[in-house]
Amino acid sequence: MTKITNLTCEYRTNPIGIDIVNPRLSWQMQTERQGARQTAYRILVASTIEQLTEDKADYLDSDKIESDQSVQVAYEGQALTSRQRVYWKVQVWDETGTMNESDVAWFEMGLLESDDWQSQWIGANLSGGVQSMIPVPYFRKDFALEGDITSARLYITALGVFECSINGQAASNDVFAPGWTDYNKRVQYLTYDVTSLLKSGDNTIGAVLGDGWAAGYVAWAGRQNYVDRPQLMAQLEVTFGDGTRKTIASDGSWMYQYGPITHSDFQMGEAYDARKERQTTDTSDWMPVQIFSHTNIDLTAQIGPTVQQIQELSSVIDPIDRGGMSRSRWVFDLGQNMVGRVRFKGIAPAGTTVTFRFAEILDADDTLYTTNLRSARATDYYTFKGEGEETWESKFTFHGFRYVEIEGYHGDVSKDTITGIVLHSAMKQTGTFECSDPLLNQLQSNILWGQKGNFLELPTDCPQRDERLGWTGDIQVFAETATFNMDIAGFMTRWALNVRDAQNPDGSVPAVVPYAGNVPTDGGPAWADATIICPWTVYKSYGDKRILEENYESMNRFMDFIVENSPGYIRCAPDYEGWHGFGDWLSVNANTPRDFIGTAFLAYDASLMVKIASVLDKPDDVAHYQQLFEDTKAAFANHYLVGSEVSPVAVQASELRRELDAADKLTQGNLAKVDYGDISSTVFNTDLFTPTQTAYVLALYFDLLPDDLRSAAIDELVADIEGRGTHLSTGFVGSPYLNYVLSQNGRLDTAYDLLNQKTWPSWLYAVTQGATTIWERWDGWTEDKGFQTPEMNSFNHYAYGAIGAWMYSTIAGINIDPLQPGYKHFSLSPQPGGGLAYAHATLETAYGEIVSDWKYDGNTFTYNVVVPPNTTATVTLPVTGKGQLNGKAVQGQSHLLDAGQYEFVVEI
Ligand code: RAM
């Protein structure tokens, strides 16, 4: 029996308020039948469900189309207009010729034209300044409705972050809507179906408005970066039985008043005085709002998931009183470094104020270590109204923490006093990875939690200190891993739009997106290159061609910028006057020259542009970028490889840069200098620079070496690793590719040795120290030196979690075929090693779930796999011997499989 399920539109189930006029529709075949695949489909889209029941469709009847495409079929029917809701279903013919039909799904358009908006931006009177926080304003509008209400939609947005309610009931569960875009250009709006919240007669709409990113503290830039106070825009449209419509739009008739939230800020925290909750329905002291005009801001329908409450954590220990005799400083341990807020429950006399502090880690004396939060105060306050048990949760702040300290509370304390509420963009978890080594399982958990904590509206470097920025380099290195753990397609589609908005007129792309000031406007090598690498990664994992189309022009402009600024194809040469980039950020005593990294990434970008242009069927561009790749590769060889003719000036300039890098304490680990002895290389020109692991890794991974130097490069890389006692020295830039380079070039053993290394620098070092997220630095804390500099020492930075992709793809063996992206065809080629007895990974793809599960039992190797319907997989067994497939004798290591469940058993 085949079912057609999981109908989605633009990655969402029954989305409301989209503004994409040819949205993409996807569905799945659900069946365990071996070889199940789609041979044809017919999509029907109609304005009423009734039509679909009779196979009629006034918006689109595609007729039967012979095709196996079941993912992202673009709607090409009658033009969709504002507010239009359409219903759709799909009929699918399988390989037996049988037709199966889906249930009905729908999608609904938002406001497509700017004159659909009748509402105005409203706000309170100005208070607060660049450094002074303000009480949170509450807005309201009373209105009467007559007649029978058939439907109602609320279109709403803010410069700031909002929560909205109608007649006292929340309009949605969204947290921190409308997210962070460059508010000088664009803000997203949300659409909610609020039909059930309204009634005939008197109604009230209310909204509360936090500073968020628009008016609150952003990184180290102070407050009021986009607007001097938060502002709201709301439009409630009510449709009645007779077809008429009434609109209640934010305007000068709305009122505001302050309430119990006396300040609220992402970085600083929130203060709530319950005595200020309004006990009366009398609104005579409410004040009229002010009106604002922002004609330059584009209103864009929400793209990708909103932030939601995802899960709750309780203290794993009985809270400990660290307040001594006063018994009033309790520390809770949630057992997991998390991002979000807490719920607090307690009883105390009116006027009692409890202070909440948050930390990722404890200091030597078991008190909260908060120095690494820098200027982020990350402190909340709750003042009791004194009316029995009171429960409180902050609204417009979030913290990164495992430990919570409450001070000033003298009531009974138990584990239930504090609950951790995990917030992140509501992406579906799609991947799981488990193996026989508990430390690697903890590493996987740490990577996943790093992703949760830093995928909150935008991909950030860290969630806790005064930073929390969309660092382009960090997501560039982590994106591939992220696609295994969660469905990030919608989330990254939005961020790509943010990148386009942030791109400078000259084509450069800043180090952080949205741009937040005080960082280079050209992100430099490996940072700005996210412009190309991230959409390509999304394309490969989700088969999303549109993200390439939408960003293609921006990618080209970026390429033009870097080519223009790279005379002779050497990018960021020492005499270049622009920004040289961040180097191999946080590497350990191994400075890879910035021009080396720049030039390598220029070549890599060109090679990706060849692929992208070919997907988009642009042969001229394919040829252009192919030439650029070859020219850059040749320049790279002439400049950096042995025997190159480098001028003494270049050598001198590069020495100067080496010294500058070495003096840059923040970016470097603080290991004692490694004595390399006489540096010799048969690959690189050592007059120009000291070869590093990252240098070998980039040259090999980006295909920049002539074939006859590759094996020497691998040998020298391995020698460097071994020379450091089987340790890596790579920073953000080299680490993601290091194990790939080793395992793809015959040194799987060394890759596993690095993965299994427990002393630092290594992936497992932090795990052995009890880490529950990925640390920013290999040596965030060490036995001998304690904490790294508090100026830059986050314990929740996903960049080094980029090893996750290697674990899924090499240990568990799940690999994309870029020519049939989105796992339409994929390979299952596990490479066991490192003493592992088993590995088990699953991945929910657009077609269904892939399973890859291998184990050793004595001399028997068993491999269980699941290939989803409408896909194929090439299995490559890692062992040879007498084999069986589903109980029948089978020969060979490579097998092309169609959909189904399979078990290979090999006697080695
Ligand atoms: C740090 C950030 C980030 C990194 C930049 C260069 O401040 O935390 O991880 O990309 O610097």
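## About the model

This is a predicted model: local features need pLDDT of at least 70, side-chain atom pairs count only at pLDDT 80 or more, and totals for chains, interfaces and linings use all residues. Residues are numbered from 1 along each chain as its sequence is written, and side-chain values use heavy atoms, with hydrogens and water left out. Helices (H or I, at least four residues) and strands (E, at least two) are DSSP runs, numbered from the N terminus.

## The ligand and its surroundings

Let's start with the ligand. Around the ligand are Asp461, Arg465, Glu467, Trp471, Asp474, Trp527, Phe582, Trp585, Phe732, Glu776 and His797; a residue is near a molecule if one of its heavy atoms lies within 4 Å of it. This shell divides into 5 nonpolar, 1 polar and 5 charged residues. In that grouping, Ala, Val, Leu, Ile, Met, Phe, Trp, Tyr, Cys and Pro count as nonpolar, Asp, Glu, Lys and Arg as charged, and the others, Gly among them, as polar.

Which atoms of Arg465 are 2.8 Å from an oxygen atom of the ligand? For Arg465, it is an N or O atom in the side chain. His797 has a polar side-chain atom 2.8 Å from a ligand oxygen, and for Trp527 the distance from a polar side-chain atom to an oxygen of the ligand is 3.0 Å. On its own the ligand has 290 Å² of accessible area, and the protein covers 96% of that. Accessible areas come from the Shrake-Rupley method with a 1.4 Å probe; for residues, only the protein chains shown count as cover.

## Helix H3

Helix H3 takes in residues 438-454. Its 17 residues should span 24 Å at 1.5 Å a residue, and the end C-alpha atoms are 24 Å apart, so the two agree; the expected span is 1.5 Å times one less than the number of residues.

Because 12 of its 17 residues are buried, H3 is largely enclosed by the rest of the structure. Buried means under 20% relative accessible area, exposed over 50%, and partly exposed in between (1.4 Å probe, protein chains only). Among the buried residues of H3 are Leu440, Leu443, Ile447 and Trp449, along with Lys452.

## Helix H7

Helix H7 covers residues 545-564. With 20 residues at 1.5 Å each, the helix should span 28 Å, which agrees with the 28 Å between its end C-alpha atoms. H7 also has a kink of about 50 degrees, centred on Asn551; the bend at a residue is the angle between axes fitted to the seven residues ending there and the seven starting there.

Asn551 is itself one of the buried residues of H7, which also include Arg546, Tyr552, Met555, Phe558 and Ile562.

## Backbone features to look for

Most residues other than glycine have a negative phi, and most peptide bonds are trans. Asp366 has a positive phi of about 65 degrees although it is not a glycine, and with a relative accessible area of 35% this residue is partly exposed. Gln72, also not a glycine, has a positive phi of about 55 degrees. Gln72 is in the loop between strand S6 (65-66) and strand S7 (73-74), and its 12% relative accessibility makes it count as buried.

The bond from Ala177 to Pro178 is cis, with omega near 5 degrees, and Pro178 lies in the loop between strand S15 (169-170) and strand S16 (186-193). The bond from Val513 to Pro514 is cis too, with omega near -5 degrees; Pro514 belongs to the loop between helix H5 (489-502) and helix H6 (530-542).

## Residues in the strands

Arg402 lies in strand S34 (residues 399-407) and counts as buried at 15% relative accessibility. Its side chain makes a polar contact with the side chain of Tyr403 at 3.3 Å. A polar contact is a pair of N or O atoms within 3.5 Å; within protein, one must be able to donate a hydrogen and the other to accept it, and residues adjacent in sequence count only if both atoms are side-chain atoms.

Gln91, in strand S8 (residues 85-94), counts as buried at 2% relative accessibility. Gln30, in strand S3 (residues 24-30), counts as partly exposed at 41%.
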